[in-house]
Amino acid sequence: MTRRVIQSLAEPLAAIVLALLAGGIMIFLLSGLVPGRQPFDARLPIDAYGALVSGIVSFNGLTSTLVYSTPLILGGLGVAVGFKAGLFNIGGRGQFLMGSIASVAVISAIGGATGPWIAIPLALLAGALAGALAGFIPGFLKATSGAHEVVTTIMLNYILFYVSNWAIKGPLTLPRAPQPTTQDISELNGALYVLPFTRDLHIGVFIALLAVPIIWFVLYKTTLGFEIRSAGANPDAARYAGMKTRRLIVLTMSLSGLLMGLAGSVTLLGQVHQTSFGYDTGIGFDAITVALLASSNPIGVLFSGLLLGAMRAGSPAMQSQAGVPPDLINALQAIILLFLIVNVLRRVLARRRAGTSTPEPAALTAGKYSTESVQ
Amino acid sequence: MTQDGPGVPALEMRGMTKRYPGVVANDHIDLDVCPGEIHALLGENGAGKTTLMNVLYGLARPDEGQILLDGKPVQIASPADAIARGISMVHQHFMLVPVLSVADNVILGAETMANPIFLDRKQARRKIADLAGRFGFELDPEAKVASLSVGQQQRVEILKALYREARILVLDEPTAVLTPQETDEIFGLLRRLAADGRSIVFISHKLYEVLEIADRITVIRRGKVIGERRPAETTEEELAELMVGRAVELTADRGESHVGRPMLQIEGLRVADARHREIIPGLSLEVRAGEIVGVAGVAGNGQDELVESIVGMRTPQGGKVTLDGRDVTGLSPRKMNMAEVAYVPGDRHRFGLILAFPVYDNLVLTGYYSPPYSRSFLRDDQAIKSSAERQVEKFDIRTPSINVPAATLSGGNQQKVIVAREFDRPLKLLVLDQPTRGLDVGSIEFIHRQIIAKRDAGAAVLLVSAELDEVMEMSDRIAVMYRGRIVAEMDGRTADKSEVGLYMATGGREAAEATA
């Protein structure tokens with residue numbers, strides 16, 4: 001048991017360490033560009049990573065790690081749930097935006113009248129449902145016509161981005177504002193700052209931390225989770241076992257969208273407060289890295305979300321103390337993803353070269369198990 | 001060199017060793033084949049026969065050992081290398097292009113050019129006609145491969161090998177998909193090839209076949225050579241014991257059947273494929289309680305469609321399926337499962353198992369949704385695991401634990417997982433599609449006993465198999481399926497194998513003529 005846990009950790013940890021090394025080499029090679037540094041300054045990578053860590057380990061650093069991690073964990077869970085069912089939800093961007101906009105709409109409609117204690121739960125609910133609807137559409141299309149979710153979710157990202165823009169510019173825009181902007185909901189927001197003495201900790205953090213065990217429970221302890229995992233690992237066997245695979249596709253895509261929508265909702269309510277024309281997000285794609293780094297395991301998503309969130313929280317310190325721009329964090333994230341993908345490819349190629357007589361697509365997609373027969 | 005072999009062996013393998021992580025697939029195997037000799041390689045699935053031949057054919061690198069051709073050591077790095085040295089392999093799954101003609105398939109990959117642009121088809125045709133005439137192939141070089149029977153396709157594969165000047169021909173389980181008549185034909189062909197001085201390695205696990213065709217038999221077990229025999233000096237019983245490592249019951253004793261009420265009734269079943277071609281144009285069949293009905297037929301005559309229509313994996317276009325008096329036509333797999341129907345699918349990796357999932361999850365794959373395995377949407381892991389432990393014990397599933405992925409089990413034990421899951425409850429009907437395909441003798445013996453036990457408990461059994469031996473051995477009644485119809489029904493105790501084979505091959509046309 002413990003051996004399997006260690007084995008499953010080896011790959012993502014190697015990806016992270018290698019990415020940090022590659023990032024260090026990048027900093028070293030480009031150190032001449034940092035004001036006040038010599039070209040090829042071997043101290044700079046150490047200083048930069050030192051500053052990054054110092055930016056994380058302070059009290060404010062830890063709270064902002066949690067804040068940055070929140071949408072990554074929720075979104076990562078959304079992508080992971082999809083992966084478990086064999087579905088690749090790249091529509092996180094659109095689903096996130098729908099979650100945000102639905103929450104804005106609820107707050108601007110009833111926030112003044114009802115006060116935060118009623119408006120905010122309703123806004124979260126609306127955001128989750130809007131995300132679920134945005135996930136339902138590609139799920140429904142796949143189940144009824146076979147349209148691949150990768151194509152439809154990417155197309156929906158554009159459609160929903162413009163839907164969100166239209167809402168910001170149209171029905172939700174503030175009267176008399178110089179630019180199209182929605183209401184700043186932090187006015188109403190008192191209840192969201194659960195710890196008054198922190199700078200930024202909001203209730204969404206606890207929603208994300210709570211979602212992890214809930215999704216784990218659904219996937220591994222319920223019959224629905226068994227059906228989702230079966231359909232993902234071997235759709236033919238799922239059909240043979242009497243599972244309704246079309247319904248599962250619709251349900252899983254909706255659940256995936258719901259988590260993405262929730263990510264959009266808590267980000268808007270707790271962090272952004274106000275949207276203006278052109279409001280957009282990269283969480284939909286960052287969440288894919290989070291889920292891949294976690295091998296789609298919900299507990300893993302918690303840690304990979306925290307890791308990427310911490311790197312974001314520490315990056316301002318890296319900028320101010322070492323002069324290394326925070327864009328490095330995006331580069332690191334991309335390198336992690338590359339190493340993960342290289343590893344997947346290596347495994348696929350190795351299996352092909354070994355020429356296993358029976359193809360085992362199920363075991364291949366599930367990835368973490370060896371398919372060597374011990375006969 | 002063998003005692004009475006004429007001179008140097010055409011092929012000699014010395015001390016071949018091939019290790020895979022955790023297993024030694026070949027452990028210092030010695031094998032030699034003389035010119036003009038048919039040498040049978042006998043062993044169970046997983047004994048290492050295929051690995052040895054893959055090493056010979058350049059598909060795998062040996063860790064130790066030496067290959068000698070005509071007494072000279074050689075290195076074989078790739079299949080192209082092997083072919084260039086006169087070694088050809090006929091795989092179990094044919095490597096043919098269905099839309100091309102026989103002649104085009106034969107020259108594919110070994111084309112001779114008339115000029116830099118065009119193929120020299122004329123010369124190729126001449127050579128094919130010459131070979132076909134010399135060895136009596138009876139193949140039309142212009143026929144499309146798609147229109148040929150399985151036996152004919154296999155002859156195309158052999159023709160391909162001869163066209164490439166093969167001196168050493170390896171056939172991997174060549175009779176697995178053939179009717180008895182086709183088997184006789186292929187044996188005749190192999191004898192003519194041997195008489196021509198070619199060496200043949202014949203891989204099989206069928207005892208009576210190797211006794212019939214081989215000049216020499218080498219038995220391997222768990223990667224080691226266990227013994228070498230000549231057909232005249234040995235018996236099926238001895239070979240079986242060498243192969244398995246213990247005395248084996250070669251024929252299942254199925255005892256008397258006590259036939260009861262009609263359990264499964266199929267009337268006028270019509271099934272079409274995705275392109276609206278009618279695969280089953282109207283089929284009727286009855287299976288009674290306490291009876292095993294075996295469906296014999298060459299693969300691809302609608303058996304899969306028949307089975308899938310019964311268990312709900314496929315919607316029939318017409319007709320009626322009745323289970324114990326209740327109309328169950330077109331019910332879903334789940335509803336059929338709840339109606340006490342067990343289904344063992346033909347493709348266990350595609351349908352029967354989720355290989356990445358642990359054994360205990362696979363044991364509840366079809367029953368997970370109801371008590372005791374779950375209660376109102378929640379899985380009861382305790383119940384699932386304790387039931388898994390019990391079934392592993394009861395069905396003799398050899399696994400280090402119930403927690404390992406099903407992928408790590410051997411084929412026989414994977415099939416036992418499916419059998420345990422499907423059989424371990426009260427049943428009205430068992431629908432079994434090739435339940436022992438590719439399994440070792442021990443597992444086959446075990447699964448056959450389980451099927452008979454279910455029959456004796458009063459269940460109806462529909463057994464579909466492309467292995468005629470299995471149908472002959474297990475069935476109380478035999479139905480022969482040909483082009484989507486049942487063309488003959490016979491009593492399982494009195495049926496004659498060659499008569500069944502004739503119905504399988506011709507649908508009864510010639511059988512009718514023969515009796516007329």
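Visitor: What makes B:Lys160 count as buried or exposed?

Guide: This is a predicted model, and the answer is a count of neighbours. A residue is buried if 20 or more other C-beta atoms lie within 10 Å of its own. B:Lys160 has 24 other C-beta atoms within 10 Å, so B:Lys160 is buried.

Visitor: Where is B:Lys160 found, and which residues does B:Lys160 touch?

Guide: B:Lys160 belongs to helix 5 of chain B. Leaving out residues up to four places away in sequence, B:Lys160 touches B:Asn105 and B:Val106. B:Glu241 is another matter. B:Lys160 and B:Glu241 are 81 residues apart in sequence and 36 Å apart in space, C-alpha to C-alpha.

Visitor: Which other residues of helix 5 of chain B are buried?

Guide: The buried residues of helix 5 of chain B include B:Gln154, B:Arg155, B:Val156, B:Glu157, B:Ile158, B:Leu159, B:Ala161 and B:Leu162. The buried residues of this helix pack against strand 6 (87-90), helix 3 (102-107), helix 4 (121-135), strand 7 (168-172) and helix 6 (180-195) of chain B.

Visitor: How do you know what span is expected for helix 5 of chain B?

Guide: Take 1.5 Å times one less than the number of residues. Helix 5 covers residues 150-163 of chain B, which is 14 residues. The expected span is 20 Å, and the helix reaches 20 Å from its first C-alpha to its last. After helix 5 of chain B comes B:Glu165, with a positive phi near 60°.

Visitor: Why is B:Arg222 called partly exposed?

Guide: Buried needs 20 or more neighbours, exposed needs 12 or fewer, and partly exposed is in between. B:Arg222 has 16 C-beta neighbours inside 10 Å, so B:Arg222 counts as partly exposed.

Visitor: What about B:Glu340: where is B:Glu340 found, and what is its phi?

Guide: B:Glu340 is in the loop between helix 10 (333-338) and strand 16 (341-344) of chain B. Phi of B:Glu340 is near 65°, a positive value in a residue other than glycine. B:Glu340 has 15 other C-beta atoms within 10 Å, so B:Glu340 is partly exposed.

Visitor: What kind of peptide bond joins B:Pro371 and B:Pro372, cis or trans?

Guide: Omega is about 5°, and the bond is cis. Most peptide bonds are trans. B:Pro372 lies in the loop between helix 12 (359-362) and strand 17 (374-375) of chain B.

Visitor: How do you know how far to trust chain B?

Guide: Chain B averages a pLDDT of 88, and 97% of the residues score at least 70. Over residues 1-5 of chain B the pLDDT is below 50. Beyond near neighbours in sequence, that stretch has 5 contacts in the model. Where pLDDT is low, the predicted coordinates should not be read in detail. The model scores ipTM 0.84 and pTM 0.80.

Visitor: Now chain A. How many helices and strands are there in chain A?

Guide: Chain A has 14 helices and 0 strands. Of its 375 residues, 49% count as buried.

Visitor: Why does the radius of gyration of chain A agree with a compact globule?

Guide: With 375 residues, a compact globule would have a radius of gyration near 21 Å; chain A has 22 Å, so the two agree. The C-alpha atoms of chain A fill a box of roughly 75 × 60 × 35 Å along the principal axes.

Visitor: What marks helix 1 of chain A?

Guide: Helix 1 of chain A bends by about 30° at A:Ala10. A proline, A:Pro12, follows within four residues. Helix 1 spans residues 2-29 and reaches 40 Å, close to the 40 Å expected. Its buried residues are A:Pro12, A:Ala15, A:Ala19, A:Gly23 and A:Ile27.

Visitor: Why is A:His148 called partly exposed?

Guide: Exposed needs 12 or fewer neighbours. A:His148 has 13 other C-beta atoms within 10 Å, so A:His148 is partly exposed. A:His148 lies in the loop between helix 5 (116-145) and helix 6 (149-169) of chain A.

Methods
Residues are numbered from 1 along each chain as its sequence is written. Chains are lettered from A and ligands numbered from 1 in the order in which they are written. This is a predicted model: local features need pLDDT of at least 70, side-chain atom pairs count only at pLDDT 80 or more; totals for chains, interfaces and linings use all residues. Helices (H or I, at least four residues) and strands (E, at least two) are DSSP runs, numbered from the N terminus. The bend at a residue is the angle between axes fitted to the seven residues ending there and the seven starting there. The radius of gyration is taken over C-alpha atoms; the globule rule is 2.2 Å times the number of residues to the power 0.38. pLDDT is the predictor's confidence in each residue, from 0 to 100. Two residues are in contact if their C-beta atoms, placed from the backbone, lie within 7 Å.
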